[in-house]
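Student: Could we go through this one together? I'd like to start with the helix packing and then move on to the chains.

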Amino acid sequence: MKRETMINAALLLAMIAVPLWAYYAGKPFTITLATKVAILALAGVGLNIALGIGGLVSFGHAAFFGLGGYTMGILASHAQSYSPLFNWPFLFEGSQNMLMIWGVTILVSALAGLIIGLLALRTSGVYFIMLSLAFGQMLYYFAISWPAYGGEDGLSIYVRNGFPGLNTLDPIQFFAICFALLLLALFFTHRLMNSPFGLALNAARQSPLRAATVGVGVFRLRLVALIISAIITGLAGALYADLNRFISPTMLSWQTSGEIMVFVILGGVGRLMGPLAGAALFIILEQVLGPISEYWHIYLGAMLLLVVLFARGGIIGSLAKRDAAHE
Amino acid sequence: MSLLRLTGLSASYGKSQALFDVNMQLEQGEVLALMGRNGMGKSTTIRCLFGLLPTGGGQLEFDGHNLARLAPHKIARLGLGLVPEGRRCFSTLTVQENLRVAARSGPWDMASVSALFPRLAERKQQYAASLSGGEQQMLAIGRALMTNPRLLVLDEATEGLAPLVRQEIWKAISKVKAEGHMSIILVDKSLKELSKIADRAVILQRGKSVWNGAMGDLPADIASRYLGV
């Protein structure tokens with residue numbers, strides 16, 4: 001077995017073992033932390049498809065994360081107040097069913113990915129970074145200035161949304177839902193990486209022209225990748241809103257985009273489990289260093305510097321040594 | 001009707017014009033040698049052919065399609081396969097992935113490419129970056145073959161390789177030719193090797209095609225004047 005495969009398996013096992021231990025030890029807060037890791041990792045898995053495989057440095061993934069959150073918030077708040085979202089051309093009512101919310105989130109994120117991609121993918125390099133950032137900020141300020149759903153103050157949802165057959169207020173059951181979605185996204189990413197689509201995306205990252213001369217339509221390819229990436233990050237946003245039962249424009253801010261990018265870079269750009277390793281480390285640091293100093297981010301920054309300078313494969317890359325010539 | 005026809009092709013890099021009047025045509029199954037000294041426009045002609053450089057004027061026709069306004073990937077999908085100068089494999093993909101990334105169905109598949117280059121089959125799990133120069137060249141040819149092109153273009157396929165490896169590459173190109181069907185354009189400087197395999201030749205001189213004919217008819221004085229041999 002390759003070393004990276006073993007590390008990946010160990011990570012997943014830890015993600016199962018820790019919450020189970022916490023469940024039997026009666027530590028619900030630890031389960032909540034594990035849930036947060038799973039959700040943030042899911043957001044990173046989404047970004048990793050665009051950034052890691054496709055080389056599209058999107059600095060605006062908070063747009064999708066926040067859109068997922070607001071989709072959940074808007075649907076749930078309408079369900080709480082028994083007022084439909086709109087009556088025409090058909091009656092559309094709010095919902096507190098996760099499956100329904102996820103469905104709408106997928107549609108909304110895909111549409112946002114399509115529109116942002118159509119415009120931003122005409123550029124590359126630093127212009128792409130700036131354009132993706134600009135779209136994120138547009139949505140951020142829109143959310144702040146739109147009073148209907150809380151504006152700057154955000155919006156609370158009093159009861160967590162339901163999932164058929166499960167009690168989502170039970171931490172371990174909500175964790176199971178989030179972890180299952182993460183596993184699904186990881187499995188999908190694994191398949192994608194080895195599919196002709198993923199290979200072409202990887203090839204186009206290295207040289208779009210060379211990829212074009214073997215018949216790869218680079219623009220369409222990247223657009224589809226960005227849409228897939230947006231959907232996964234959007235779903236993470238919906239789950240994150242459900243975890244906190246609260247949405248606010250912070251979810252759309254560029255700091256959030258940066259954090260998602262930090263998970264991916266810390267864990268290992270383009271590595272399957274990179275986002276999970278990165279998100280886990282982030283939460284662990286937050287818990288360990290957070291109580292020591294409110295400026296704990298300075299240690300995170302130092303760590304990021306070390307990774308970028310000396311360990312370009314991130315945590316997974318350094319542990320796996322040289323399996324992949326990915327950097 | 002010819003498979004490929006270039007009529008009065010011109011092209012420029014910014015303000016400096018590189019091609020003035022390039023004419024050539026190629027039939028199905030034919031092997032054409034595109035020759036000339038350094039800087040005479042061979043690679044520029046190839047770049048125009050694959051849509052990597054916009055044409056200034058003249059016609060570029062492949063199987064009835066006008067290539068002049070098409071995007072590179074659409075040109076490739078019409079059936080043009082390029083083995084670029086300087087090899088240029090996808091270094092972060094394995095040998096097998098390099099071959100799969102561009103595959104389109106046809107007689108050239110993993111099995112037939114492996115038969116042509118057994119060394120690639122031995123190294124199929126290795127990253128392209130870890131291959132030797134000759135192996136990378138084989139991979140670049142294999143990658144182009146996997147797209148099952150009707151016209152294969154090899155730009156300086158043996159440049160900078162050891163003599164033994166060069167022989168291996170030439171042998172493989174002969175085998176591809178012997179399969180029939182596929183037309184081939186060879187850009188190279190080695191007249192000796194080209195004369196063994198090419199049916200026809202075009203010589204470029206300062207962005208113009210100055211000689212055009214059957215390889216066997218190439219007079220010695222023309223060869224020495226334009227190619228320096």
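**Helix packing and chain contacts**

Tutor: Helix α2 (residues 28–53) of chain A and helix α10 (residues 254–267) of chain A cross at roughly 75 degrees, and their axes come within 9 Å. Axes here are lines fitted to C-alpha atoms, for helices over the stretch in contact, with angles running from 0 to 180 degrees between N-to-C directions. Helices (H or I, at least four residues) and strands (E, at least two) are DSSP runs, numbered from the N terminus. This is a predicted model, in which local features need pLDDT of at least 70 and side-chain atom pairs count only at pLDDT 80 or more, while totals for chains, interfaces and linings use all residues. Residues are numbered from 1 along each chain as its sequence is written, chains are lettered from A and ligands numbered from 1 in the order in which they are written, and side-chain values use heavy atoms, with hydrogens and water left out.

Student: So how are α2(A) and α10(A) oriented to each other?

Tutor: They are roughly perpendicular, given that 65 to 115 degrees counts as such, under 35 as roughly parallel, over 145 as roughly antiparallel and the rest as oblique.

Student: Which residues meet there, in α2(A) and in α10(A)?

Tutor: From α2(A) come A:L40, A:A43, A:G44, A:L47, A:N48 and A:L51, which meet A:I260, A:M261, A:F263 and A:V264 of α10(A), contact meaning heavy atoms within 4.5 Å. The residues of this contact divide into eight nonpolar, two polar and no charged, where Ala, Val, Leu, Ile, Met, Phe, Trp, Tyr, Cys and Pro count as nonpolar, Asp, Glu, Lys and Arg as charged, and the others, Gly among them, as polar.

Student: And α10(A) against α12(A), at what angle do they cross?

Tutor: Their axes cross at roughly 45 degrees and come within 10 Å, which makes α10(A) oblique to α12(A). On the α10(A) side A:E259, A:V262, A:I265 and A:L266 take part, and they meet A:H297, A:L300, A:M303, A:L304, A:V307 and A:V308 in α12(A). By class, that contact of α10(A) with α12(A) has eight nonpolar residues, one polar and one charged.

Student: How far apart are the axes of α11 and α12 in chain A?

Tutor: The axes of helix α11 (residues 274–289) and helix α12 (residues 297–310) of chain A are 10 Å apart, and the two pack at an angle of about 140 degrees, so α11(A) is oblique to α12(A). A:L281, A:F282, A:L285 and A:L289 of α11(A) make the contact with A:H297, A:Y299, A:L300 and A:M303 of α12(A).

Student: What does B:R200 pair with?

Tutor: B:R200 forms a salt bridge with B:E30, and their closest N and O atoms are 3.2 Å apart. B:R200 lies in strand β9 (residues 200–205) of chain B and B:E30 in the loop between β2 (16–26) and β3 (31–35) of chain B, so the pair ties together parts that are 170 residues apart in sequence.

Student: Which residues are joined by a cis peptide bond?

Tutor: A:W88 and A:P89 are, with omega about 5 degrees, and A:P89 lies in the loop between α3 (62–81) and α4 (98–120) of chain A.

Note on methods:
Salt bridge = Lys/Arg side-chain N within 4 Å of Asp/Glu carboxyl O.
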